[in-house]
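Hi,

Here is the structure I said I would pass on. Have a look first, then read on for what turned up.

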Amino acid sequence: MSKKDKTLKDILDCILYENPSTQDEIAEKLGITRRYVTQLLQPLVKDGTVKRAYMIDFKSYEELAESLSEYVNLRETKGNVLINDMLANMSRHVHSQLEASFSAVLEHDEDKANRALEMDYVTNNMVEKIRTSVETIVSIDQHPEFSKSLLYNEVAYDLERIGDYCGHIAKFVINEVYEIDENILKKLKKMYKTAQEMIRLSMTAFIEGKTELKKDLMEFEDSIHILQSKAINLIAEQMAESTFDEKERSNYFIYLFRVIKAFERMGDISVEIMDVSIEFHENIPRSTTPRSFRY
């Protein structure tokens with residue numbers, strides 16, 4: 001197998017798993033020239049294997065993979081495995097996005113907050129790649145069991161929603177001139193750690209089929225709601241001691257409430273991902289009753 005084919009496989013893997021935005025980025029990641037990237041990708045762009053925004057058509061990819069068999073484990077090119085890897089990569093990215101957003105709050109660093117917001121563009125691109133890939137897979141294999149692949153879209157959308165709430169946290173730093181009171185910040189730190197753990201548990205359940213983790217997840221959900229209540233009470237005490245003559249101070253409390261709500265919603269979304277995991281791996285349909293009416 002030629003070195004050229006090996007490089008082409010590396011380029012396709014880069015597109016699949018690292019979500020590059022430009023050919024320059026692909027070239028930099030692989031240590032090759034942009035001109036060489038263009039040369040290898042051009043035929044694949046023309047025949048539709050690689051689409052704009054660097055998305056790969058899985059049907060064409062699997063056909064191409066057969067010619068690159070020396071470097072590709074064909075079992076691992078099956079669409080569901082590739083999408084599983086995409087979701088795992090997206091989960092890691094969202095964890096980093098949340099970490100960056102809260103780090104900006106802790107350091108009250110506006111530059112970090114802006115960088116955290118920029119990470120959401122990658123999150124949105126990942127969702128679109130997964131959606132397009134699932135559509136291709138379902139069109140190839142319409143077996144009833146394989147139709148469960150549509151649930152990948154739901155999990156990707158849930159991760160995107162978590163990314164949106166990360167943006168709410170980052171925007172607090174950009175919109176506010178006040179730093180957070182230390183007592184409230186302690187509660188937010190605990191909510192942050194709890195949210196990160198809930199996201200990790202729910203995605204482990206979906207990707208690895210460890211649905212027994214639901215019990216642990218529900219314990220964390222109880223914790224995050226208790227922390228939310230305590231944080232809101234602390235804010236209420238501060239509001240009672242403050243005058244609302246200053247518009248900035250009033251807005252501070254509003255934006256702070258949004259940060260607390262963002263963590264709470266991340267926890268709720270993690271529970272939704274767990275529900276999807278149980279449906280996917282155990283073939284247990286979720287209740288058709290809307291979540292808001294179950295309790």
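Before the ring count, here is the rule behind it: rings of Phe, Tyr and Trp (its six-membered ring) pair if their centres lie within 6.5 Å. Counted that way, there are eight aromatic pairs in this model, which is a predicted one, by the way.

Take F102 and Y192. Their ring centres are 4.7 Å apart and the planes sit at 20 degrees, so this pair is stacked. F102 belongs to helix α5 (residues 79-107) and Y192 to helix α8, so the pair ties together parts that are 90 residues apart in sequence. Both F102 and Y192 are buried.

F102 also pairs with F263, this time edge-to-face, at 5.7 Å centre to centre and 80 degrees between the planes. Since F263 lies in helix α10 (residues 247-282) and F102 in α5, that pair ties together parts 161 residues apart in sequence. F263 is buried, as is F102. Taken together, ring pairs link F102, Y192 and F263 into a cluster.

Now for the helix that carries Y192. The axes of α8 (residues 182-208) and α9 (residues 214-241) come within 9 Å and cross at roughly 160 degrees. Angles over 145 degrees count as roughly antiparallel, and that makes α8 roughly antiparallel to α9. Their crossing is left-handed. On the α8 side, the contact residues include I184, M191, A195 and L201, and on the α9 side they include L217, F220, I224 and L234. By class, this contact has twelve nonpolar, four polar and six charged residues.

Cheers

Note on methods
Residues numbered from 1 in each chain as written. Predicted model: local features only at pLDDT ≥ 70, side-chain atom pairs only at ≥ 80, totals over all residues. Heavy atoms only, no water. Axes fitted to C-alpha atoms, helices over the stretch in contact; angles between N-to-C directions. Helix = DSSP H or I, 4+ residues; strand = E, 2+ residues; numbered from the N terminus. Parallel < 35°, antiparallel > 145°, perpendicular 65-115°, else oblique. Left-handed = near helix turned anticlockwise from the far one by under 90°. Contact = heavy atoms within 4.5 Å. Nonpolar A, V, L, I, M, F, W, Y, C, P; charged D, E, K, R; others polar. Phe/Tyr/Trp six-rings, centres within 6.5 Å; stacked < 30°, edge-to-face > 60°. Buried < 20%, exposed > 50% of the residue type's maximum accessible area, 1.4 Å probe, protein only.
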